[in-house]
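The entries follow the order in which I looked things up.

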Amino acid sequence: MGGVIGKGDAPKKAWVPETKLEAKMVEAMQRRASGGSKMKSFNSILLKFPKIDKSFRKCKSIFEQFDEDSNHVIDKEELRHCFNKLEISFSDEEINDLFEACDINDDMGIKFNEFIVLLCLVHLLKDDPTAQLAKSKMGMPDLETTFETLVDAFVFLDKNKDGHVSKSEMVDAINETASGERSSGQIAMKRFEEMDWDKNGMVNFKEFLFAFTRWVGIDEMDDEDNDEAGEEKV
Ligand SMILES: [Ca+2]
Ligand SMILES: [Ca+2]
Ligand SMILES: [Ca+2]
């Protein structure tokens, strides 16, 4: 008797990281958040979309370079080579966690859109002073700028700086700008639901990134590769 009450009713907000990686991601995000965001409004994020789209597409050649057997996915071995080449010094466990976190359809391969998310997470994580080395070695200044923009956008949305964007933070951010539009609240809801994959009422950075790749149409260019590739070489 007694003392058993309350076991199951943890507050809704309580968040338990599934992996060490996820905990690190949130930590890194909070560290970044303490520096503030350069974003002034939700609109300023929207204005960045074309640029983000463009530099995501440029990643394709990087992806192809690391997809050694050209089967359109990067497996763990190929990822390890990729990290070696970029001199990103992650432990095997970290690489594993990253791989599993980004392989969202669980087929043991990283597709192009998953690869973009993965690189961006690496960008965030290597902000850790011990991993500075990777910074210059990625050698993709455009991409780094884009990743930085995405981190910045997330920090802007995450008002209370807990490493997650809640529904109300999303609504606030959108309402701040779109004062005239009566549908803005609905749009905010729709956007939020698109982002919150596991429907836990909060969006983490990974979910945010996957949403971006979908919004700019990256996941639809899975199978057809070559129609853009000819235009610009990185
Ligand atoms: Ca492959
Ligand atoms: Ca938050
Ligand atoms: Ca979620």
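**Entry 1: the whole chain.** I began with burial, and buried residues make up 32% of the 234 residues in the protein chain; a residue is buried if 20 or more other C-beta atoms lie within 10 Å of its own, exposed if 12 or fewer, and partly exposed in between, with the C-beta atoms placed from the backbone. I note that this is a predicted model, in which local features need pLDDT of at least 70 and side-chain atom pairs count only at pLDDT 80 or more, while totals for chains, interfaces and linings use all residues. Residues are numbered from 1 along each chain as its sequence is written, and chains are lettered from A and ligands numbered from 1 in the order in which they are written.

I then looked up the secondary structure, which comes to twelve helices and two strands; helices (H or I, at least four residues) and strands (E, at least two) are DSSP runs, numbered from the N terminus. From the N terminus on, I read the order of elements as α-α-α-α-α-α-α-α-β-α-α-β-α-α. Of the contacts with a separation of 6 or more, 66% are between residues 24 or more positions apart, where two residues are in contact if their C-beta atoms, placed from the backbone, lie within 7 Å.

**Entry 2: confidence.** I looked up pLDDT, the predictor's confidence in each residue, from 0 to 100, and found a chain mean of 80, with 77% of the residues reaching 70 or more. Residues 2–11 have a pLDDT below 50, and beyond near neighbours in sequence this stretch has zero contacts in the model. Residues 131–136 also have a pLDDT below 50, but there I found ten contacts beyond near neighbours in sequence.

**Entry 3: the record.** An unreviewed UniProt entry lists "domain: EF-hand" for residues 54–89, 90–125, 145–180 and 183–218; UniProt positions are given in the numbering used here, feature names are shortened, and annotations may be inferred rather than shown by experiment. I checked two of these spans in the model: residues 54–89 are 64% helix and 0% strand with end C-alpha atoms 28 Å apart, whereas residues 90–125 are 69% helix and 0% strand with end C-alpha atoms 10 Å apart.

Entry 4: Helix H3 (residues 49–66) has 18 residues and reaches 26 Å from its first C-alpha to its last, close to the 26 Å expected at 1.5 Å a residue; the expected span is 1.5 Å times one less than the number of residues. I list its buried residues as Ile52, Ser55, Phe56, Arg57, Cys59, Ile62 and Phe63.

In the loop between H3 and H4 I came to Ser70, whose phi is near 50°, a positive value in a residue other than glycine. Ser70 counts as exposed because it has 8 C-beta neighbours inside 10 Å. I looked for another such case and found Met108, not a glycine, with a positive phi of about 65°, in the loop between helix H5 (92–102) and H6. With 11 C-beta neighbours inside 10 Å, Met108 counts as exposed. For context, most residues other than glycine have a negative phi.

**Entry 5: H6 against H8.** At what angle do the axes of H6 and H8 cross? The axes of helix H6 (residues 112–125) and helix H8 (residues 141–157) come within 10 Å and cross at roughly 75°; axes are lines fitted to C-alpha atoms, for helices over the stretch in contact, and angles run from 0 to 180 degrees between N-to-C directions. H6 and H8 are therefore roughly perpendicular to each other, in a scheme where angles under 35 degrees count as roughly parallel, over 145 as roughly antiparallel, 65 to 115 as roughly perpendicular and the rest as oblique. Cys120, His123 and Leu124 in H6 meet Glu144, Phe147, Leu150 and Val151 in H8. I also noted the buried residues of H8, among them Phe147, Leu150 and Val151.

**Entry 6: three single residues.** Ala101 in helix H5 is partly exposed, with 18 C-beta neighbours inside 10 Å. Leaving aside its neighbours within four places in sequence, I found Ala101 in contact with Thr19, Leu21 and Lys206.

Glu207 sits in helix H11 (residues 205–215) and counts as buried, with 20 C-beta neighbours inside 10 Å. Glu207 and Val117 are 90 residues apart in sequence and 9.2 Å apart in space, C-alpha to C-alpha.

Arg80, in helix H4 (residues 76–85), counts as partly exposed with 16 C-beta neighbours inside 10 Å.
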